[in-house]
Amino acid sequence: MNETQARDEICRVGASLFARGYVHATAGNISIRLAPEEGGGYLITPTDACLGFLDPASLARLDDQGVQIGGARASKTIALHRRIYEATADAGRPARCVIHTHSTHLVAMTLAGQAPGVADGELLPPITPYFVMKVGRVPLVAYQRPGAPAVADEVARLIAGYARRGTVLRAVMLDRLGPNVWHGSAAEAMATLEELEETARLWQMTGRTAAPLPEAAIEELRQAFGASW
């Protein structure tokens, strides 16, 4: 994907998320890491931009060191996005797109507190096969103000820690703020976000009491589909 295509893809994904209610007002941001043959560096949505009405030419352009070299002022979350790109590359599964939203059901879950039966430090139990296959484990990051530098450090630590245990992370949940999801393309990252938000909605609809899949079923998903759980 060249830079022009990446700009268009960010705007397409942003408009889709906005139209379907995954983001509102000026909440959320999307970034793409550009390939070395495209000059490297990053594209990210501008600060206080509405994802439903992005202009490809106004997206912030940054170099490999995170220094802005073009476009409107970059979202303050670029520091977190860059750490995700670096940590996933170090873990052997480099991300190419990061999406952050304030998705309603996911944020509501953190406001309600951790439910019984959920693994300590994680957001959701493995209640559906597609959550296990398409999203996987989602650590919950304790609340800090938006843009706090310590959050980037914690997310990088989590990615590395789960990788050492042989588990690929595709998402983290920032308490009271929303999810950060990542994948090898913008389309894949958006699909991961959609599955995560839908799982949160189902979990709430069942009163947060749905039984998780048994370990034998999860092992079958690992063997049949390479699920990372």
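User: Which residues have the most contacts inside the largest nonpolar core?

Analyst: In this predicted model, the largest nonpolar core has 43 residues, and those with the most contacts inside it are Leu17, Ile99, Val138 and Leu196.

User: And which elements give two or more residues to this core?

Analyst: They are the helices H1 (3–19), H3, H4 (129–134), H6 (186–205) and H7 (215–225), together with the strands E1 (29–33), E5 and E7 (171–174). The largest share, seven residues, comes from H6.

User: What is valine 138 in contact with, leaving aside its neighbours within four places in sequence?

Analyst: With those neighbours left aside, valine 138 is in contact with Glu122, Leu123, Phe131, Ala171, Val172, Met173 and Leu196. Leu196 is, like Val138, among the residues with the most contacts inside the largest core.

User: How many residues are in the other core that lies apart from it?

Analyst: That other core has 26 residues, among them Ile44, Tyr85, Ala156 and Leu169. Tyr85 is one of the buried residues of helix H2.

User: OK, tell me about H2, then: how many residues does it have, and how far does it reach?

Analyst: Helix H2 covers residues 78–90, which is 13 residues, and reaches 18 Å from its first C-alpha to its last, close to the 18 Å expected at 1.5 Å a residue. Just after H2, glycine 92 takes a positive phi of about 90°.

User: Which residues are buried in H2?

Analyst: The buried ones are Ile78, Leu80, His81, Arg82, Ile84, Tyr85, Ala87 and Thr88. An α-helix has 3.6 residues a turn, so residues three or four places apart point the same way.

User: Switching to alanine 74, where is it found, and is it buried or exposed?

Analyst: Alanine 74 is found in the loop between strand E4 (68–70) and H2. Alanine 74 counts as buried because its relative accessible area is 11%, under the 20% cut-off. Leaving aside its neighbours within four places in sequence, alanine 74 is in contact with Ile44, Thr45, Pro46, Thr47, Ala60, Leu62 and Gln68, and Ile44 belongs to the core of 26 residues.

User: Last one, serine 103: where is it found, and what does its side chain make a polar contact with?

Analyst: Serine 103 is found in the loop between strand E5 (97–100) and helix H3 (104–112), and its side chain makes a polar contact with the side chain of threonine 101 at 2.4 Å. Serine 103 is buried, with a relative accessible area of 1%. Beyond its neighbours within four places in sequence, serine 103 is in contact with Tyr22, Pro179, Leu193 and Glu197.

How values were computed
Residues numbered from 1 in each chain as written. Predicted model: local features only at pLDDT ≥ 70, side-chain atom pairs only at ≥ 80, totals over all residues. Heavy atoms only, no water. Helix = DSSP H or I, 4+ residues; strand = E, 2+ residues; numbered from the N terminus. Expected span 1.5 Å × (residues − 1). Buried < 20%, exposed > 50% of the residue type's maximum accessible area, 1.4 Å probe, protein only. Polar contact = N/O pair within 3.5 Å; in protein donor to acceptor, adjacent residues only side chain to side chain. Contact = heavy atoms within 4.5 Å. Core = buried A, V, L, I, M, F, W, Y, C linked by side-chain atoms within 4.5 Å.
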